[in-house]
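Me: I would like to go through this chain with you. Could you bring it up?
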Amino acid sequence: MGEQQSPINLSGAFVVPGLRGELEVEWSADRFEVSEGADGWRFVPSGVHAVVLRGHRYRLANLHFHRPSEHWVDGRPEAAELHAVHVRADDRLHACVVAVFLDLGGERGGGDGGGGAPREVDLPGLLPDHGGFDRYEGSLTTGEFTENVSWVVMKGVAAVADERLRAFVRAHADRARPVQPLNRRFVLSTGV
C-alpha cells in the first residue's frame, strides 16, 4: 500500500478561500437497488446523480455506510458515516467520495434492520445544512485500497430522518477501517 491511505483524522486543516465554490452536488431523491457483496451492502442508484469537483463531473456509482465513522474529527469518530462513491473515467479511473457523518438518533428503537434495506433514499436530506467540507487526496477504504480518490468530507452531522434507513445502518453498516497516517498530505477546508 502507498502513502495516501484513507480514512484519516481530520485535524489542522488549511482554510482555503473559495474552496466551497469548487464543489457542486447534484443529488435528488431516488430508488436504489440494494445488494450485499464482498465489501458489504451497496446501494446503486436508478437515476443519474453527480458531483462536480474542480470542474470534473463524477457520476454516483453507489452509496454505503460505515459504523462507527471511518474519518475522525480531532481524534474522535462519529456514530456513522455515509460514503457516496462517484466515478469518472478519462485517461484512468478516478473517484470522488462524498462522506457525510450521520446522526442515527438514540441507539434504542428503530428496529434491528430486519425489515430489509429501504429502496428509496432522499439523498439531499442526507447532507448537512451549511455545505462546508474538508478535502484531501486518498484511497478507497475497502477492497484493494486504491489511491485514486478525491475525498470530500462534509462538515457537521446530518440527522437520518428515515427510521428504516436508521435501523438498516445500525444493523448492516460496514465496519470502519482504522484511521491511517496523514503522511505528507494536506487537508483543505472551507472553514465553517
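Me: What radius of gyration does the chain have, and what would a compact globule with 192 residues have?
Reply: The chain has 16 Å, which agrees with the value near 16 Å for a compact globule with 192 residues. The radius is taken over C-alpha atoms, and the globule rule is 2.2 Å times the number of residues to the power 0.38.

Me: What kind of model is this?
Reply: This is a predicted model, in which local features need pLDDT of at least 70 and side-chain atom pairs count only at pLDDT 80 or more, while totals for chains, interfaces and linings use all residues. Residues are numbered from 1 along each chain as its sequence is written, and side-chain values use heavy atoms, with hydrogens and water left out.

Me: Which residues touch the most other members of the largest nonpolar core?
Reply: Phe43, Leu63 and Leu102 do, in a core of 33 residues. Such a core is a set of buried (under 20% relative accessible area, 1.4 Å probe, protein chains only) Ala, Val, Leu, Ile, Met, Phe, Trp, Tyr and Cys residues joined through side-chain atoms within 4.5 Å.

Me: Which other core lies apart from it?
Reply: Another core, of 13 residues, lies apart from that one and includes Leu10, Ala95, Val97 and Tyr136.

Me: Back to Leu102: what is it in contact with, beyond neighbours within four places in sequence?
Reply: Its contacts (heavy atoms within 4.5 Å) include Phe65, Leu82, Leu126 and Val157.

Me: And how much of the chain is buried?
Reply: Buried residues are 45% of the 192.

Me: How far does the C-alpha trace span?
Reply: Along its principal axes, the trace spans about 45 × 35 × 35 Å.

Technical notes
Buried means under 20% relative accessible area, exposed over 50%, partly exposed in between (1.4 Å probe, protein chains only).
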